[in-house]
Structure formats: C-alpha cells, structure tokens
Amino acid sequence: MTGNKNKVAIIGLGYVGLPLLCQFSKTFDCFGLDVDRRRIEELSMGEDRKCCVPIEYLKSINTNRLTTNWNYISGCDYFIVTAPTPISADKKPDITSLKNISENLGRVIRSGAIIVFESTVSPGTTEEVCADIIEKVSGLKLNQGFYVGYSPERINIGDSVHTLNNVPKIISASNNASLMAITNLYKEGLGCSIVEASSIRVAEAAKLYENVQRDVLIALANQYSEYCQAEGININEVTKCASTKWNFEEVYPGIVGGHCIGVDPYYLLERSGRFNVEMSLIKNARNINEGVSHKIATKIIACVQELKNPSILILGASYKANTGDIRNSKVFDVTDELIKVSCNVRIYDPLVSRQDIPEKYSDLFINSSELLCKWDVVAELVTHTVFSDIEIPNATNRISLKDLV
C-alpha cells in the first residue's frame, strides 16, 4: 500500500468487483462488501471458487476489510458499485440489485461521498434511478452532498491480455469536480489510460453499444453460416479468408450467452421503446442468436433419431471457453430441448463449481470417472482448452461446436 489516504469500498465481489478490489488495494485503503456471506467467508480464507482472479492476487487484499455489513464501509470516500444487472424471465431489464445498493448507500454515506457505478445499465439509470434513491434515503442532494459517476466495466473474463491495466477506462461524472476526482482515482488505482465522456448518459450508451455491436456481428456470422452450409462450404474457412482484408472483423458463428452480449441488447430495446425508436436490426440479431440453441439441439437429435433413449454427453456448461461462469449459459437451453425428446443427457464441465449449478440441472452433472460410460453422442458445446486432452473411448460420435453452428 502506498499510503494514499482515500478509502475506497468495492461493492460486489464477483467477476468485476474482485479484480478491482485486488488492483485498488495496491494503492488505496480498500474495503470489500458483498451481500453473500459465503462469498466473504471464502475470500477471507484466501479462496475464490469463481476463479475471478489468479489466486496469488488475493494476497493484496486485507481480509479484515471484507464484510457484509453496510455500516462497516460508512467512512469511505469512494464507493464503486459492481452489481449484476441481468434480465428477467421475460427478457426485461432487472436492476433490483442496483436499487437495493442505492438504498443501502443512502443510509451510510457521509457528505462528500463519490459513488461510481460500473454495472451495465440503460442511459439515464445512474442519475434517474440510483442517484434519486440515494437522495431520498440520505437526505443529501446530488452535487451538493454527494456525487455520482459511471465507468462501464470492460473486464473480459478469462482474458490475460486485455487486463485492467491496459484497457482504456471510460469515466463520467455528475459534475466537473467529481469527474476530476474519479479520473485521478482510476489513474492511480489502475494505471490505465482514461477516456472522459461528456456526460454519464454518453458513458452508459457507449457500454451498451460495445456489446450490441458484438451481438449483431455474431448474428451475421450465424446467419452467414447457414448460407455457407447450403452452398456446401465451410464458414470458418470463409471467415479466415475474408479476415485477410484489413477492415474485416474476424467473428465466428456461435452461442451467445453470458452477462453482457446476450443481455445488454434487451436494455437498449427497452430504453429505445420509451422514445418509440424502432431498432429492428437489434431485434433481428437477438432472434437469430437466441435461435442457435434450437439449431444445435436439432442437429444433435438428428444424430440419434433412430435410437431409443439415446445417451448424450455435453462437454461444457459455461457461457464461454476457459471460464466457470454459467450466467445465461445457452448450454442449458440445448439441454432442455434434448430432454424434451427423451434423450438421456449428462453434462461434464470441470471448471464449473458444484455450488453454482442450478438445482434443476444438478443431477445431470457427472464427474470425470463417468466419462468412461458409453455415449451415443458427445457434443462439445464449450471449447475449454482442457477438453482437447480428454479422450472418451466409448463415444460412438463426437461432435465439436463448429460442426453444430
């Protein structure tokens, strides 16, 4: 620790919050808060079942500063909020956690506090929802008693190249003084370059645009893949050839799940609907990508349609390769469709913690010894590096993800 007098509280110690806590703790007097008591207990013991950071990074944390008690962080100067912002079952934005956090912050902050939100939200949410709640609960006025900022997270889970230190950070704030303070906070804490947005809404919109653009490009790849299959040519070879041109984005077809790309377009669609702005391209891209799970299930079923109660092993359960994060994983959508047609389905993913598996699917997960069972089809839906070294001797047919999309 460098002895910087500022006290910083990181709220939410998951895939975004924990890396921030580890990095900021090297410079500032940091506190970490999470509402999950089990999470605090495991981090206090130097463990991280989510594998959000390399285990040695946890050494930078003062475990005595980890808590579930809001009053414990009341003396902090800065509060960085990294709460999840998922979608509901009917694909509507769910900012319940942000509202709850804002209420709790309103009860504990002191005059002069600066609160930075990193969670993905629709433009206007930070000021219209979060700041409004804090004002009502605390009795303080925005830009008089407290200040807010928005700095969208850009953490790419499992990526050791694009790290907190070298990815530019977008910074925005409710006034010029807090913008300068937040900019200095992130410069000192992360050492990365800073991009100052002219308003909080611009920064919120930029975050949505980043992920919506990616969703559209993947939808194009998925749709072009169907065309290539009709032509009898390989989409991956086509993509590699096309990518030799400098301005072509090398994007491949695949499943789109997770907490960003498969979620953020719904935040944009909900917000744009308030202004009667039709975003048909975004809607069509979402429909295409949401339909990939059905496409994959249909191809797997075609491989076993002559068999009675076929045994199918799915390799991978997370939403992307080389992580154990199963948030919004479309593997479960594929599983549901296979079960509907009486397939005997099992899932193997050594990177996923048993504690994170939804109860509905807990009995479907197998351990490594069961890989020796007889399988009519083994479908590798997530390209974990570890799977390349796994042999399944009693598999009649093994299919890779590229053969299914």
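I looked up the packing of helix α3 (residues 96-108) against helix α4 (residues 125-138) in this predicted model. Their axes (lines fitted to C-alpha atoms over the stretch in contact, with angles from 0 to 180 degrees between N-to-C directions) come within 8 Å and cross at roughly 35°. Helices here are DSSP runs of H or I, at least four residues, numbered from the N terminus. I noted that α3 passes α4 in a right-handed crossing (the near helix is turned clockwise from the far one by less than a right angle).

I listed the contact (heavy atoms within 4.5 Å): α3 brings L98, K99, S102, E103, G106 and R107, and α4 brings V129, C130, I133, I134, V137 and S138.

Next I checked pockets, taken on a 1 Å grid with a 1.4 Å probe as open sets with protein on both sides within 12 Å along at least five of seven lines; lining residues have an atom within 4 Å of a point.

I counted 39 lining residues, with T82, A83, P84, T85 and R327 nearest its centre. Here α3 supplies the largest share, five residues.

For the record, residues are numbered from 1 along each chain as its sequence is written. Local features need pLDDT of at least 70 and side-chain atom pairs pLDDT 80 or more, while totals for chains, interfaces and linings use all residues, and side-chain values use heavy atoms, without hydrogens and water.

Notes:
Helices (H or I, at least four residues) and strands (E, at least two) are DSSP runs, numbered from the N terminus.
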